[in-house]
Amino acid sequence: GPVLHVVRHARAELPRILETIEGIGYGLTLGVQTRLDETVELVVSRARVGNQYVNRNMIGAVVGVQPFGGEGLSGTGPKAGGPLYLRRLMRLPVDAPSLRAALPKPDEAFAGANALRSPRRERREAALRALAGFEAWLRTSREHGLLALADVCAALARDTPLELPHLLGGPTGERNTWWLAPRRAVLGVAADDADRLFQLAHAIAAGSGMLWSGNDPKSVALHAALPPALRALVRVSDDIDGSDFDAAIVHGDADEIRNWSRRLAQRDGPLVVPVACASGDRRYGAIPLERLFVERSLSVNTAAAGGNASLMTIG
């Protein structure tokens, strides 16, 4: 070696190529060479890869500039050198500042410029609509606990950083963007319906669907009682161990949480570390929302596409 493996394919086959890459299960780095913004957006919105590079090399990630870490079989935790790394090493109180307050300020102008053609923007808007519908449904209840969950939905809609782009520092001629993207699905484990709904609100805020056990009669009954729009976001399966999910929330006592940790560790595929909550704990902040996202980092050599237009606005 080294050996370079080259496979030619037609541009129209790009979606299929991305599906093939995803099927391998690994997702550390991916490079694209193109001047077409549509191609970049297609790859960025479809590829489940932690670090993506456009028109530049794929090595040399810099702390705080290109936070480094993969997805699937290529990574299980926060990105090294990213905004969430230090938080993962800390035990934060439930009443700590919201996640959005702790993240870099999103570049709203950059987000707005891409709003009409970005599937990422569409995913965020769909999550916010689902949270609004969930809140409205909960407010029709006469149960105090469910009315409190409506307030949680409102807070999650306010705070979720789903798909918001954050521009990070870097050298002239390079644009580095970091954002939080949805996971495939979130497994929810709880003995109480209110705990299940609390988990569901967080999964929706993270842009993900939820998975409940079909062997639990209470889960099946709750699924049937949900409004159709919410029911579509929850999948019920009799085979949890064989289902496709990459995050889990467990409400229970210490023994149950420990048992689920062992069970999840024995599954094939990416390691899933459950978010643990005591039964009945539905305080806002009890579920660290960042644990339900995957981090993405995109580094673009803007000089290769005619230069960095933002430099013209300086001065």
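A residue is termed buried when its relative accessible area is under 20%. By this criterion, both faces of strand β7 are covered in the predicted model. Ala185, Leu187 and Val189 lie on one side and Val186 and Gly188 on the other, and all are buried. With 5 of its 5 residues buried, β7 is therefore largely enclosed by the rest of the structure.

Strand β7 belongs to an open sheet of 5 strands, whose order is β9-β8-β7-β10-β11 and whose pairing is parallel. The edge positions are taken by β9 (234–237) and β11 (275–277); each has a single partner strand, so one side of each is left without a neighbour in the sheet. Averaged over the sheet and with direction ignored, neighbouring strands are turned by 25° against each other. In general, the strands of a sheet pair through backbone hydrogen bonds, in either a parallel or an antiparallel arrangement. Here, β7 (residues 185–189) and β8 (residues 209–213) run parallel and are joined by 3 bridges. Within this pair, Leu187 stands opposite Leu211 of β8.

Helix α9 (residues 217–225) lies across β8 and β9, and its direction makes an angle of about 140° with β8. Helix α9 also packs against α8, at an angle of about 60° and with the two axes 11 Å apart. The helices α8 and α9 are therefore oblique to each other, and α8 passes α9 in a right-handed crossing. The contact is formed by Asp193, Arg196 and Leu197 of α8 together with Lys218, Ser219 and Leu222 of α9. Classified by residue type, this contact of α8 with α9 holds 2 nonpolar, 1 polar and 3 charged residues.

Asp193 lies in helix α8 (residues 193–205). When residues up to four places away in sequence are not counted, Asp193 touches Lys218 and Leu222, both of which belong to the α9 side of the helix contact. Between Asp193 and Gly50 the separation is 143 residues in sequence and 34 Å in space, C-alpha to C-alpha.

A further helix pair is formed by α6 (residues 119–138) and α7, which pack at an angle of about 160° with their axes 8 Å apart. That angle makes α6 roughly antiparallel to α7, since angles over 145 degrees fall in that class. The crossing of α6 past α7 is left-handed. On the α6 side the contact involves Leu128, Leu131, Phe134, Glu135 and Leu138. On the α7 side it is made by Leu146, Leu147, Leu149, Ala150, Cys153, Ala154, Leu156 and Ala157. The contact of α6 with α7 comprises 12 nonpolar, no polar and 1 charged residues.

Helix α6 is also included in the cover of the buried residues of α2, together with α1 (14–24), β2 (29–32), β3, β6 (174–182) and β12 (293–301). In α2 (residues 37–46), the buried residues are Thr39, Val40, Glu41, Val43, Val44 and Ser45. Strand β3 is likewise covered on both faces, with Asn51 and Tyr53 on one side and Gln52 and Val54 on the other, all of them buried. Strands β2 and β3 pair in the parallel sense over 4 bridges, and Leu30 stands opposite Gln52 of β3.

Most residues other than glycine have a negative phi. Asn55, although not a glycine, has a positive phi of about 60°. Asn55 is found in the loop between β3 (51–54) and β4 (71–72) and is buried, with a relative accessible area of 11%. Glu163 also has a positive phi, near 65°, and is a residue other than glycine. Glu163 is located in the loop between α7 (144–159) and β5 (166–168), and at 5% relative accessibility Glu163 counts as buried.

Notes. Residues numbered from 1 in each chain as written. Predicted model: local features only at pLDDT ≥ 70, side-chain atom pairs only at ≥ 80, totals over all residues. Heavy atoms only, no water. Pairing = 2+ DSSP bridges. Helix = DSSP H or I, 4+ residues; strand = E, 2+ residues; numbered from the N terminus. Axes fitted to C-alpha atoms, helices over the stretch in contact; angles between N-to-C directions. Contact = heavy atoms within 4.5 Å. Buried < 20%, exposed > 50% of the residue type's maximum accessible area, 1.4 Å probe, protein only. Parallel < 35°, antiparallel > 145°, perpendicular 65-115°, else oblique. Left-handed = near helix turned anticlockwise from the far one by under 90°. Nonpolar A, V, L, I, M, F, W, Y, C, P; charged D, E, K, R; others polar.
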